[in-house]
Amino acid sequence: MKKIVDEIKACTKCELCKTATNKVIGRGSFSPKILFVGEAPGAEEDMQGKPFVGRSGMLLENWIEILGLTVNDYAITNVLKCRPPENRDPAPEEIRACLPFLKQQIKLLSPEVIVPLGKFAMQTILNDYEKTISEAVAQSFEVEGVKVFPLFHPAYYLRQGKTGENAELKKLKGFLLDGKEQLEEFIINIQTCDNLSTDEMFSPILSAVHHFCKLSNTTFKDLDQKELC
Ligand code: URA
């Protein structure tokens with residue numbers, strides 16, 4: 001990790017290094033379950049040299065709490081390590097120049113799930129610059145064996161005054177739980193309804209199984225190893 005930190009600090013591959021106060025490399029666990037990837041440092045991040053420490057960062061911290069993650073569970077970085085002047089959008093050549101650092105970080109941190117925040121992070125991680133964030137948000141993908149689950153950028157919610165839980169975050173929560181805990185709770189609820197017939201009990205369980213299999217990209221087999229979904 002020290003090598004890549006030194007490389008990023010010394011980087012002059014694009015013009016952004018000339019105006020950046022600090023390179024913003026990352027923060028969090030060195031063996032995270034989840035890696036959040038934002039777009040680029042803003043003013044506060046540029047000053048402190050840490051990602052997501054401004055207003056968007058406060059909302060991200062709130063999400064992390066809602067997801068029930070502890071400090072060892074997650075890490076945070078950005079596509080660009082230098083702040084674009086006036087927080088303008090990252091230019092394609094800046095993303096190209098910085099991408100090897102992000103790839104190295106992903107390799108070293110080896111997260112189970114990457115959560116790109118916003119369009120630029122999603123397009124960069126999925127290597128699909130045609131995809132819109134609305135097409136990709138709250139859906140699961142896989143890139144080189146790592147699960148990817150894009151969300152809208154926290155700034156998007158802040159612009160709408162939404163600071164609590166949102167539908168996309170709920171889906172991420174279900175995805176991270178693998179559906180198992182929610183399914184268990186659901187089955188217990190159904191089992192305690194003793195006035196239901198077998199059919200009435202079984203069909204909602206099966207539809208819940210379908211739902212959670214889809215959400216968590218898993219398959220479900222019956223006792224004869226026949227795939228139910
Ligand atoms: N927005 C980002 O995308 N990254 C940060 O670090 C802060 C705000």
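1. Asn-72 is in contact with Ser-29, Ser-31 and Pro-32 once its neighbours within four places in sequence are set aside, contact meaning heavy atoms within 4.5 Å. The C-alpha atoms of Asn-72 and Pro-32 are separated by 6.2 Å, although the two are 40 residues apart along the chain. Asn-72 is found in the loop between helix 4 (55-66) and strand 3. With a relative accessibility of 56%, Asn-72 counts as exposed; the scale runs from buried (under 20% relative accessible area) through partly exposed (in between) to exposed (over 50%), with a 1.4 Å probe and protein chains only.

2. Basis of the note. The model is predicted, so local features need pLDDT of at least 70 and side-chain atom pairs count only at pLDDT 80 or more, while totals for chains, interfaces and linings use all residues. Residues are numbered from 1 along each chain as its sequence is written, and side-chain values use heavy atoms, with hydrogens and water left out.

3. Overall composition. The secondary structure of the protein comes to 11 helices and 6 strands; these are DSSP runs numbered from the N terminus, helices being H or I of at least four residues and strands E of at least two. Of the 229 residues in the protein, 43% are buried. Among contacts with a separation of 6 or more, 68% are accounted for by residues 24 or more positions apart. The accessible surface comes to about 12,900 Å², and carbon and sulfur atoms hold 52% of that surface; the areas come from the Shrake-Rupley method with a 1.4 Å probe, and for residues only the protein chains shown count as cover.

4. Helix 1 against helix 5. Helix 1 (residues 2-10) and helix 5 (residues 92-109) pack at an angle of about 165°, and their axes are 11 Å apart. Axes here are lines fitted to C-alpha atoms, for helices over the stretch in contact, and angles run from 0 to 180 degrees between N-to-C directions. Helix 1 and helix 5 are therefore roughly antiparallel to each other, the classes being roughly parallel under 35 degrees, roughly antiparallel over 145, roughly perpendicular from 65 to 115 and oblique for the rest. Helix 1 supplies Ile-4, Glu-7 and Ile-8 to the contact, and helix 5 supplies Phe-101, Gln-104, Gln-105 and Leu-108. The residues of this contact divide into 4 nonpolar, 2 polar and 1 charged; Ala, Val, Leu, Ile, Met, Phe, Trp, Tyr, Cys and Pro count as nonpolar, Asp, Glu, Lys and Arg as charged, and the others, Gly among them, as polar.

5. Helix 5 against helix 6. The axes of helix 5 and helix 6 come within 11 Å and cross at roughly 70°. These two helices are therefore roughly perpendicular to each other. Ile-95, Leu-99, Leu-102 and Ile-106 of helix 5 meet Phe-120, Thr-124 and Ile-125 of helix 6. The contact of helix 5 with helix 6 has 6 nonpolar residues, 1 polar and no charged.

6. The buried residues are Phe-120, Ala-121, Met-122, Gln-123, Thr-124, Ile-125 and Leu-126. Their cover includes strand 2 (34-38), helix 5, strand 4 (113-116), helix 7 (133-136), strand 5 (141-143) and strand 6 (146-148). Asn-127 follows helix 6 and has a positive phi, near 50°.

7. Val-143. This residue lies in strand 5 and is partly exposed, with a relative accessible area of 25%. Leaving aside neighbours within four places in sequence, Val-143 is in contact with Ile-125, Leu-126 and Val-148. The C-alpha atoms of Val-143 and Ile-125 are separated by 7.8 Å, the two being 18 residues apart along the chain.

8. Backbone at residues 86 and 87. Most residues other than glycine have a negative phi. Glu-86, not a glycine, has a positive phi of about 55°, and phi of Asn-87 is positive too, near 55°. Glu-86 is exposed, with a relative accessible area of 73%, whereas Asn-87 counts as partly exposed at 44% relative accessibility.

9. Leu-16. Located in helix 2 (residues 16-19), Leu-16 is buried, with a relative accessible area of 4%. Not counting residues up to four places away in sequence, Leu-16 touches Leu-80, Cys-82, Arg-83, Pro-84, Pro-85, Arg-88 and Glu-94. Leu-16 and Leu-80 are 64 residues apart in sequence and 9.3 Å apart in space, C-alpha to C-alpha.
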